[in-house]
Amino acid sequence: MGQSEIWVIAETKNGRLTERTMEIIRDARKISASLGGELCLTGFEPFRKKPEDLSQNGVQKIRFITFSDSPAHKYDLVLRGLCQLVEEHEPKIIFFPSNAMGFHVAPQLAVHFNTGIASNVVEAKVINNILQAISSTFQDRAYSTLVFQGKGPHILMMARGDAIPPKGLPPRGIEHEEWQLDVETSGTDIRVVDIKPPDPEEIDIREAEKIVVAGFGSRDSRGMELIRQLAGALGASLGATRRLVDLNLLPYDRQIGQSGKTVSPRILISVGVSGSSHHTYGMKDSEVIIAVNKDKNARIFDFADLKVVADLYDVLPALVSELEKMKKEKENQ
Amino acid sequence: MKSIIVLCKRVVDQSQPPAFDEGRLYFKNARYDINPADAYAIELALSLKSSLPGSTVEAVTLDDEGAVEGLVYAFARGVDKSTLLVNDAGLADQGSIARALAKYLAKCDGLRLIVCGDKTIEWGSGLIGPMVAQLLGFPLVNEIKKVEPGTDDRCLKAYRRAETNATEIIEVRLPCVFSLGRQNTEIKYASMRALEMAKRKKIEKFSVKDLMDSGAAGESPTPGVGLKWVSAPRPRPRKNLAIDCSLPPEVRFGILLSGGAGRKGADYITGPADIVVSSIVELLREKEII
């Protein structure tokens, strides 16, 4: 077989393939077009994605890897599993996402095989048959060009990839492979003892995918309790407006707006927020905004995708119980 | 003797913009400070001193001859020993740097724990910690939030942030490598007096050349990547805000004020709670959030 494959390690969130993985696939396709090699998406967790979406971006093979039961940490299993697989298949290039798993596995893999690695890569290209990586350094204030040398597999950790989908690539059939690996873990030194669900007040609001924002309208103890319940049920982070932070109901690192933090989550539910410009400045780039307010003329409704004119004491208990019910149904399935 | 080692580094003060010349990067009148993530690593190492009785904390830097700012800071915070590995071999790629560090660390007797910041705000590859762990054969735990004493003195209990934002509680055997990023809490400044005292303390220096020569033969001397060029970043694409001129002035002003983020057209929903809830749940389902 020789060095014929280019691997992309899949990044999943809540069972969905992330947008970053799709971007990385597009970069990997360009590399495979100029260097040759089969583009192979390697995943360790099940994910939902239409096969034609993947094949239109150039994926030729999906390899799905599961591990036999083991007390070892997931990252350890992935590392040991990849070591086995790389020895067998000798891929040319491996693309990792720049997440916690990538930063755990990729550098150790590079040391194990004594090969080159570049992290925080924003663009990969081939010049004169040599792989080059442009990596973002000095907190995006400088770009450095790295040249790979020596033997493969070359490892790239992508911070982001090509955001524009390619045109004119016809959908093709994708080869599916499923493997179960028995990884030797007797010598493992890391053991997961317990997993605590996320605490809404600990998730950094700048990175959170879901945020529930409490406004001045929800300042009493029952309102705050309901907001905490909603954030818990959604697995969301908790944000606040300045007036609420001034009342010492939530710490300053929860504050969204001009004098607080700027956020852009996938969903933001704002409850009892009037929507002064200082606050909306910090949250207007959110993907979906749901606003709950009693006042129909509140400014927050100018920004909302769903404008709920209702009392939060009526809506939130019903919403929380509905979400809890759906969660239980999902678990029972 | 048990030892805890912190890998730390000085970085150029963030307020200064880098300048570029012929594919190289430099700073005019650079001022240096400790790397923020490494400052948290030092705090963690010092707090673990009591969990590992009889241990000493040592700060280690691999950098140019005069790069002592990080080590002086570490002394001011209270580490027992500081070591500078002088990079006289001109190592530039992360693989070689990690190998040189691992060679020094392998010689330390009674090494129980290595703590490092996840990445610097300069080159910020984030590779050194994991590479050192692999080279020494130590287990690695990244994204550390908190560490507590374990069931016995040969293990520790680490709280790490999982990708789902949940907290994983991990029991790890020593010796191991911990890597952590900036935390939410602020660190107090080192006092002026402590810094002045720290400047007088002795920093041990070793030559990287000597370290590399003393190692076993047979390791690949050629790095896997080479730095070719450094340039200013390309300008990021900006969002253009084009306002429809046919709109009345007050609407145009409203769009300008909201930065074009106003979402017109959505309907108000009101009525009994179950109707409202069902429409919220429907939207959440449609956007694949639940």
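**Salt bridges, rings and the interface**

Let me begin with a group of charged residues in chain A. E5(A), E38(A), K61(A), R63(A) and E177(A) are connected to one another in a network of salt bridges. Before going further, please keep in mind that this is a predicted model.

Some background on charges: side chains of opposite charge can pair when their charged atoms come close. How many salt bridges does a search of the whole structure find over all chains? The count is 32.

I will pick out three of these pairs. E322(A) is partly exposed, with a relative accessible area of 26%. K325(A) is also partly exposed, at 48% relative accessibility.

Another is within chain B, where the side chains of R31(B) and D13(B) meet in a salt bridge of 3.4 Å, N to O. R31(B) is in the loop between strand 4 and strand 5 of chain B, and D13(B) is in the loop between strand 2 (10-12) and strand 3 (19-21), so this pair ties together parts that are 18 residues apart in sequence. D13(B) is partly exposed, with a relative accessible area of 22%.

The remaining pair takes us from one chain to the other. E202(A) and K145(B) meet through their side chains in a salt bridge, 3.0 Å from N to O. This pair crosses between chains: E202(A) sits in the loop between strand 12 (190-196) and strand 13 (210-214) of chain A, and K145(B) sits in strand 10 (residues 144-149) of chain B. E202(A) is partly exposed at 46% relative accessibility, and K145(B) is partly exposed with a relative accessible area of 32%.

That brings me to the interface. The size of an interface is often given as the accessible area lost when the parts come together. Here, chain A and chain B bury about 7,400 Å² between them, and 57% of that is on carbon and sulfur atoms. In terms of residues, 80 from chain A are in contact with 78 from chain B. There are 3 salt bridges across the interface, and 24 residue pairs are in polar contact across it, both residues being at pLDDT 80 or more. Which element gives the largest share of the side of chain A that touches chain B? That is helix 4 (residues 100-113) of chain A, with 9 residues.

Now the rings. Over all chains, the search of the whole structure finds 5 aromatic pairs. One of them is F138(A) with F27(B), a tilted pair at 5.6 Å centre to centre, with 40 degrees between the planes. F138(A) is in the loop between strand 8 (130-137) and strand 9 (142-148) of chain A, while F27(B) is in the loop between strand 4 (24-26) and strand 5 (32-34) of chain B, so the pair joins two chains. Are these residues buried or exposed? F138(A) is buried, at 3% relative accessibility, and F27(B) is buried, at 17%.

Another aromatic pair is F301(A) with Y268(B), which is edge-to-face: 5.5 Å centre to centre and 85 degrees between the planes. F301(A) lies in the loop between strand 16 (288-293) and strand 17 (306-309) of chain A, and Y268(B) lies in strand 16 (residues 268-269) of chain B, so this pair joins two chains. F301(A) is buried at 0% relative accessibility, whereas Y268(B) is partly exposed at 37%.

Going back to F138(A) and F27(B), ring pairs link these two with W123(B) into a cluster. Rings also meet charges: the charged end of R243(A) sits over the ring of F216(A), 3.6 Å from its centre. In chain B, R10(B) lies over the face of Y32(B), 3.5 Å from the ring centre.

Last, the backbone. Most residues other than glycine have a negative phi, and most peptide bonds are trans. L174(B) and P175(B) are joined by a cis peptide bond, with omega about -5 degrees. E90(A) has a positive phi, near 45 degrees, and is in the loop between helix 3 (74-89) and strand 6 (93-97) of chain A. N128(A) has a positive phi near 50 degrees and is exposed, at 70% relative accessibility.

How values were computed
Residues are numbered from 1 along each chain as its sequence is written. Chains are lettered from A and ligands numbered from 1 in the order in which they are written. Side-chain values use heavy atoms; hydrogens and water are left out. Rings of Phe, Tyr and Trp (its six-membered ring) pair if their centres lie within 6.5 Å; planes under 30 degrees apart count as stacked, over 60 as edge-to-face and the rest as tilted. Helices (H or I, at least four residues) and strands (E, at least two) are DSSP runs, numbered from the N terminus. Buried means under 20% relative accessible area, exposed over 50%, partly exposed in between (1.4 Å probe, protein chains only). A charge sits over a ring if NZ of Lys or CZ of Arg is within 6 Å of the ring centre and within 35 degrees of the ring normal. Contact means heavy atoms within 4.5 Å. Buried area is the accessible area (1.4 Å probe) that two parts lose on being put together, summed over both. A salt bridge is a side-chain nitrogen of Lys or Arg within 4 Å of a carboxyl oxygen of Asp or Glu. A polar contact is a pair of N or O atoms within 3.5 Å; within protein, one must be able to donate a hydrogen and the other to accept it, and residues adjacent in sequence count only if both atoms are side-chain atoms.
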